Amino acid sequence: MISGRDGPDILLCDLDAFFASVEQRDNPQYRGLPVIVGGSPASRGVVSTCSYEARKFGVRSAMPTARALQLCPEAVFLPGDMARYRRVSEQVFAIYGRFTPEMEIVSIDEAYLGFPAGKGEAAAKEIHRVVREELMLPLTIGVSRNKLLAKIASEMAKPNRVGTLWPEDVPALLWPRTLEMLPGLGPASVRKLNRIGISTIGQLAAAPLDLLQKYFGNSATVVQRSARGIDDRPLETIHKVKSISEEKTFSKDLADEKAIRAVLMAQAENLGYRLRSGGLLARTVSLKLRFSDFRTITRDRTLPAPTDSDLEIYQTARELFALHKGRPPWRLVGLRVAGLGSGQQLALFDSSGTAKKEEDLAQVRDRLREKYGGAVLYRARSLLKPKRKKD
Ligand code: TTP
Ligand code: MG
């Protein structure tokens, strides 16, 4: 029996050669060349990742960089820029968030997404297209009915494709493959199994359980269920993210309250956008201030109802600032929203239309932002900020 027929469709989205792809995108002269991103060979660094061109030479993640450069002396070697990769990663996850709030972030370039049964494959194709068009990054998406098969589907489809591995295809497509294809089975386990004559996933699926128990103890059942394509692990969705924050340190301490409020407005807009992208609502807003003597305070407020509204976050921040601003100048200002949960915002002010208009404006802004990247439409107040530093 192969389970997973009743639950949602699951996608595993994994960017291809992520750091190297960002470098090739941002430096067109590296496109088509072997690129290695990693620690310096002089300090015994290791390879973080390498482009598919470099993989042809046998270069792999976690290999000493010195060894990688021996294998591929003509490679472009780069130390990497984590801050930039993190920003790109956030942009990618924000795109996923437009399609579903059911997102489990696994790593900087990998996330599981959930969709209603039957909708996953079409969503995957659309996500693949949007990521290519808007961010110009290669992405592989595996589609199935559970996390395990979605992961295997992506491994089979790599690079830059959408692939499916439905439970009913497991006997034909998965069982003939060797054990290495099964995530979670380390090289030591593979060797043990090979020694007792099990070399394909099909053989593992059919092996007597008591034989496997000798080698795997209590894990034998899980191992065999994996070989049969069964996996009941739920998505650990983004709702478990506890808080989202924005902060800014000024290059010169700021004494102008209006300028601080403009920064708060921009931060509230970013937080509102990030909440809406993830289909989340926040219960609390907290303000962080650092004074010129480095004293730092944070002050929270719980909202009457959960929100994803820029304006409500801003108004709360503004009130907190008025109450706790202390003595100028300020060195850092930050905003955080916490108590996150999923759901639609209650339309509290429907009769007056205020809440509705606010929501419409936020939606227009989000669409523009998705189209053009970064914040494009500011409220008048954000414009007070003299020069918005783009980061
Ligand atoms: P992966 O998704 O494992 O690798 P990748 O995206 O480079 O290549 P693939 O096409 O096979 O998915 O990891 C994502 C990023 O994490 C990768 O670009 C660099 C970083 N990373 C390390 O820094 N060290 C490592 O050992 C690995 C595996 C990844
Ligand atoms: Mg990857």
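Analyst: **The hairpin and its surroundings**

A hairpin joins β5 to β6 through 2 residues (helices, H or I with at least four residues, and strands, E with at least two, are DSSP runs numbered from the N terminus). The model is a predicted one, in which local features need pLDDT of at least 70 and side-chain atom pairs count only at pLDDT 80 or more, while totals for chains, interfaces and linings use all residues. Residues are numbered from 1 along each chain as its sequence is written, chains are lettered from A and ligands numbered from 1 in the order in which they are written, and side-chain values use heavy atoms, with hydrogens and water left out.

Strand β5, residues 103-107, and strand β6, residues 110-115, run antiparallel and are joined by 4 bridges; two strands are taken to pair if DSSP finds at least two bridges between them. Among these partners, serine 107 is bridged to glutamate 110 of β6, and isoleucine 105 stands opposite alanine 111 in β6. Strands of a sheet pair through backbone hydrogen bonds, in either the parallel or the antiparallel sense. The two strands belong to an open sheet of 5 strands with mixed pairing, whose order is β5-β6-β1-β7-β8. β5 is an edge strand here, as is β8, each pairing on one side only. From one strand to the next the twist averages 20° (axes are lines fitted to C-alpha atoms, for helices over the stretch in contact, and angles run from 0 to 180 degrees between N-to-C directions).

The ligand comes next. There are 13 residues around ligand 1, and Ala17, Thr49, Tyr52, Arg55 and Asp109 come nearest, where near means that one heavy atom of the residue lies within 4 Å. By class, this shell has 5 nonpolar, 3 polar and 5 charged residues; Ala, Val, Leu, Ile, Met, Phe, Trp, Tyr, Cys and Pro count as nonpolar, Asp, Glu, Lys and Arg as charged, and the others, Gly among them, as polar. For polar contacts, pairs of N or O atoms within 3.5 Å are counted, and within protein one atom must be able to donate a hydrogen and the other to accept it, residues adjacent in sequence counting only if both atoms are side-chain atoms. An oxygen atom of ligand 1 lies 3.0 Å from a polar backbone atom of phenylalanine 18, and a nitrogen atom of ligand 1 lies 3.4 Å from a polar backbone atom of serine 48. Aspartate 109 takes part through its side chain, with an N or O atom 2.8 Å from an oxygen atom of ligand 1. On its own, ligand 1 has 560 Å² of accessible area, of which the protein covers 69% (Shrake-Rupley method with a 1.4 Å probe; for residues, only the protein chains shown count as cover). The elements that give two or more residues to the shell are β1 (9-15), α1 (18-26), β3 (47-50) and α2 (52-55).

Of these elements, β3 belongs to an open sheet of 3 strands, with mixed pairing and the order β3-β2-β4. The edge strands, which pair on one side only, are β3 and β4 (76-78). On average, and with direction ignored, neighbouring strands of this sheet are turned by 25° against each other. Over 3 bridges, β3 pairs in the antiparallel sense with strand β2, residues 35-38, and one of the partners is cysteine 50 in β3, bridged to isoleucine 36. Helix α1 lies across β2, β3 and β4, running at about 120° to β2, with contact meaning heavy atoms within 4.5 Å. In the loop between α2 and α3 (65-71) sits alanine 62, which has a positive phi of about 75° although it is not a glycine.

Proline 159 is placed in the loop between α6 (147-157) and β8 (162-164), whereas proline 329 is found in the loop between α13 (310-324) and β12 (330-338). Leaving aside neighbours within four places in sequence, alanine 255 is in contact with Pro328, Pro329 and Trp330. Alanine 255 itself lies in the loop between β9 (243-254) and α12 (257-277), and its C-alpha atom is separated by 6.2 Å from that of tryptophan 330, although the two are 75 residues apart along the chain.
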